[in-house]
Each structure stands twice: as C-alpha cells, then as structure tokens.
Amino acid sequence: MSNNNYREVWQYALDQIHEEFKKEGSQQETEFKLWFNMQYIEDTDNTITVSVPSEFLWLQMQKKGNVDRVIKKIEELTGQKNIEINHTVSDSAIAAPEEKEAVPAVETKKAEENPEKPDFKENPVRKHPQLREDFTFDTFVSGDNNNFAYNAAIAVSKEPGKKFNPILLYGGVGLGKTHLMQAIGNYIFKEHNDRFKICYTSAEAFTNEFTSSLASKTTEKFKSKYRGLDVLLLDDIHFLQNKPALQEELFYTFNELRDHNSQMVFTCDRPITELKGFADRIQSRISNGLCVDLQPPNYETRRAILLKKLEILGKKIPDDVIDYIAKNVETNVRDLESALTKMIGYAELIQKPLTIEIAQQQLRDIFSNPSAGNITIDTIQKVVADEYQISVSDIKNKKRDQKFVTPRQIALYIARELTEYSFTELGSEFGGRDHSTAMHSYEKISAQMKIDSTLNARVQLLMKEIKDYKK
C-alpha cells in the first residue's frame, strides 16, 4: 500500500533537475521532457513506483543515468539511503494524450511477423559474465571503414592463438573497437565454453586489480589469473601510459601468454607507436602482431547500422528520417545510435508519426557539431590555455595559483563532458593526478556554473570553440 511519503519530495527533486536543464538552453528543456518522463504513482518505505510511456523509454532513461540521478537527488533531500525506483508502463505517462493519432508514432515489429525466428527463451544459451551478449558479429555492421578489422576478428575467433596474435584494434571513440573485441570473446565462448579461460577487462580495471593485489599481498593470485588465460581481451591500453609498474606486469603476462599460444586482443584510441610513456618492448611486441584501424563509417554503412539497430529493437521509423540521420551524423556509431534513440524516444513520447521537420528540430544540436566525437584532451587543454593566456604545461603542472587552478578545473570539466575519459584517465592526462582530484574539479565547476551565469556562459563558449576547433 502506498504511503505517499515521497510524493512531494519526488516532485521537488524533478523540479530541481528541471531547473538545471533549463539553464542549459531550450534544447535541453526538450531533453528533460523526453528523458525524465516518469509519473509518480505510489511508494513504500524505500521504493517509489512510477509510470512511463514505454519499456523502451524506461531502458533508455536507465542507460543515460537519469533514474539514478533522480534517486541521488531524493537521497540528498531526504537523507534516506538505498531508495529504489520501480516502474510500470502506462499510456497515462505520455504527455498531451489528447493529441494522439490513430497512426502509431513508431511501428513495433510483432514476433509473429517472423515465425522462423528461433525462440531463445525456450533454449537459453550460457552467457559469459564479463561480455555483453549483444556484442556479436551478427550485430556488427561492416563496411569499407572496418571490413579489414571485421574479417580479421572473425579469423581470430575461429582459430584463437593461431592467426593474428596479438591483434590490436585502434581508432576514435564509438567506432566499434569494444564491440569487435567482445564479439571475438563471445564467439570463442560459444564454441569452446569452459574449455577456454576467457577474460575481458578494461585497462583501468586491470590497473585497479593489480594495485589492490599489491595492497593485499595477493600478487601471485593476480599473476596466476592472467597468465593462465587462453584468451585475454584488454580494452583501452592507452590508459597504461606513464605507468611503468603496470607495463612491466603486462610485459611478463604477454610473454607467458604468447609462449602458451593464448590469444591476445587489445584496443587503443591511436596507433600503438603514438602512445607516450609506453615501454618500447611492449610496443614492439604488439606491433609484431596485427594492428588494424577503424575509420568513421561512410553513408552506406551508417544507413546499414541504423537499419540493423532498428531490427534489433524491433522498431520502424520512416525511411526519409533514417536517411536524414545517416547523411548528417558522420562521426561514429555511438553518435548514430544516440540520434536514432532520441528519435524513437521522442516519437513514443508525443505519440505522433516522425517527420523530417521533427528530426531537423530535435537533432539540430547534434548536427551542428559534427566533429564533437573526435575531440582530444590536447585540443581541450590548448583552447582553455589560450583563453586564459597560460601554457598547456601550466594546466598540467602542480601550481596552486588561482590563475592556473581555475583554467585547469575548467579544462577537466569540459574534458569530462565532451570525451569518454574516466576520472582516473583524466587525472592521468592532467599531470598524473588521482581520480578523486579530477572528480572534485568537475563537481566544483559544475556547482559554480549553476550559480555563476558569467562562468556558465564562458564555459559554454569554450565548449563550442573546442567542438569547432581545427588543427
């Protein structure tokens, strides 16, 4: 039974988040209406039940972290911990229901339309605990930009340890490196199951695990785990720059795995030879394998990616909207999927068929910054340093003068907003600081921007300049 204890604080929390969005501009106002479309129903001592327009919107709100953001806000306001939000799907959660039309906004494919499709629920397949089950070769769309990498990954999967060992997949953010890497792992796991020891981990997690083993004096256990693998999938090895102890451990692990013909797959955001502060002996060993780059997809591939994503989701949108997205998002797969997700979510929210006019209006911010997906830390640091008339080295060093601290914190904030770097990685890129320092800088600037309109305007201008920056 509902106690309604959280009804007022729920609304207050949403109002606060809404105000935060409104300060960022009219387009962000639309973002709020779309991705916080939850209507309070009832609560118990530590749960709140809400209604949402569709299961798709709920999953996207979770993926974007918006559900967690509401929970965090409520916990801050009440002091109550471990609050959970449950959901139910209801048309009543959709805004302006009186404007619904008979034609569905987004057509959902019915299962009976494809009777030959197997029912996986009746024949469950074991999943590898570290791998995403949707990252397979079947869901990866290959094109001129990634055909070599795609075919090489398949060859590695069919004969692990025998062909292309090691293999390095490199390229910019959102081009499919992690997808291909995990597709290799999923294929080998499906074919060999428990006969192969497969481990997928990020370089950051590898670092944290190694550091923990040193503190707990369990390094032998750590070494035994990684040196006894049949397949090592190590993501984002650029994170290991300027970490000599980690590189030494990777070196010996590499040699052990190579001696046992164990397959090694690495990903990186650039060619291995361009990494700074990276041991020559590791670069040499990885370079002796197969190094393949992934480039941004061309129009035909982008359109195929959108169609594949719609097929996986069981959704349909008009062809002209698909073409519009494919022609305008030229950066990477992640941006393509983001634009598509927004279109599907918006259509389900307003319950009207999608049109080119709607797509143009809702996606104008994404399309106005086509280079945003390839922003580098170096660019951010240079633009901010030039704005404050200091050097890039001043941003990276340990000087505590306010004329250096403020631009440094602003650069960290912008880097977190515009790139995929974790706080740990950002700390490393900004003079070897730890993750808590990077997080503090981000939170401090974020808080100041909410009360200082001048700072907010300055940061927004810097972000625009960085997105438009040409080397």
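Which residue in β9 does Tyr170 stand opposite? In this predicted model, the residue across from Tyr170 is Asp293 in β9. The strands behind this pairing are β5, covering residues 167-171, and β9; they run parallel and are joined by 5 bridges.

That pairing belongs to an open sheet of 5 strands, laid out in the order β6-β7-β8-β5-β9, with parallel pairing. At its edges stand β6 (198-202) and β9 (290-294), each with a single partner strand, so one side of each is left without a neighbour in the sheet. On average, and ignoring direction, neighbouring strands here are turned by 15° against each other. Helix α9, spanning residues 244-259, packs on this sheet, where it touches β7 (231-235) and β8 (263-268). The direction of α9 makes about 140° with that of β8.

Helix α10 (residues 280-287) packs with α9 at an angle of about 35°, and the two axes are 10 Å apart. The crossing of α9 past α10 is left-handed. On the α9 side, the contact is made by Gln247, Glu248, Leu250, Phe251, Phe254, Asn255 and Arg258. These meet Arg281, Ile282, Arg285 and Ile286 in α10. Sorted by class, the contact of α9 with α10 comes to 5 nonpolar, 2 polar and 4 charged residues.

Now for the other sheet. This one is open too, with 3 strands in the order β1-β2-β3 and mixed pairing. Its edge strands are β1 (39-43) and β3 (84-89), each of which pairs on one side only. Neighbouring strands are turned by 30° against each other on average, again with direction ignored. Strand β2, residues 47-52, pairs with β3 in the parallel sense over 6 bridges. Within this pairing, Val50 has His87 in β3 as its bridge partner. Helix α3 (residues 55-63) packs on the sheet and touches β2 and β3, its direction making about 160° with that of β3. Helix α1, residues 7-22, lies across β1, β2 and β3 and runs at about 150° to β1.

Helix α11 (residues 299-313) and helix α12 (residues 319-328) have axes that come within 9 Å and cross at roughly 130°. The two helices are therefore oblique to each other. As α11 passes α12, the crossing is right-handed. From α11, the residues involved are Tyr299, Arg302, Arg303, Leu306, Leu307 and Leu310. Across from them, α12 brings in Asp319, Ile322, Asp323, Ile325, Ala326 and Lys327. The contact of α11 with α12 divides into 7 nonpolar and 5 charged residues, with no polar ones.

As for confidence, the mean pLDDT of the protein is 83, and 87% of its residues reach 70 or more. Two stretches deserve a separate mention. Over residues 92-103 pLDDT stays under 50, and the model has 20 contacts beyond four places in sequence for this stretch. Over residues 110-124 pLDDT also stays under 50, but here the model has 0 contacts beyond four places in sequence.

Key. Residues are numbered from 1 along each chain as its sequence is written. This is a predicted model: local features need pLDDT of at least 70, side-chain atom pairs count only at pLDDT 80 or more; totals for chains, interfaces and linings use all residues. Side-chain values use heavy atoms; hydrogens and water are left out. Two strands pair if DSSP finds at least two bridges between them. Helices (H or I, at least four residues) and strands (E, at least two) are DSSP runs, numbered from the N terminus. Axes are lines fitted to C-alpha atoms, for helices over the stretch in contact, and angles run from 0 to 180 degrees between N-to-C directions. Contact means heavy atoms within 4.5 Å. Angles under 35 degrees count as roughly parallel, over 145 as roughly antiparallel, 65 to 115 as roughly perpendicular and the rest as oblique. A crossing is left-handed if the near helix is turned anticlockwise from the far one by less than a right angle, and right-handed if clockwise. Ala, Val, Leu, Ile, Met, Phe, Trp, Tyr, Cys and Pro count as nonpolar, Asp, Glu, Lys and Arg as charged, and the others, Gly among them, as polar. pLDDT is the predictor's confidence in each residue, from 0 to 100.
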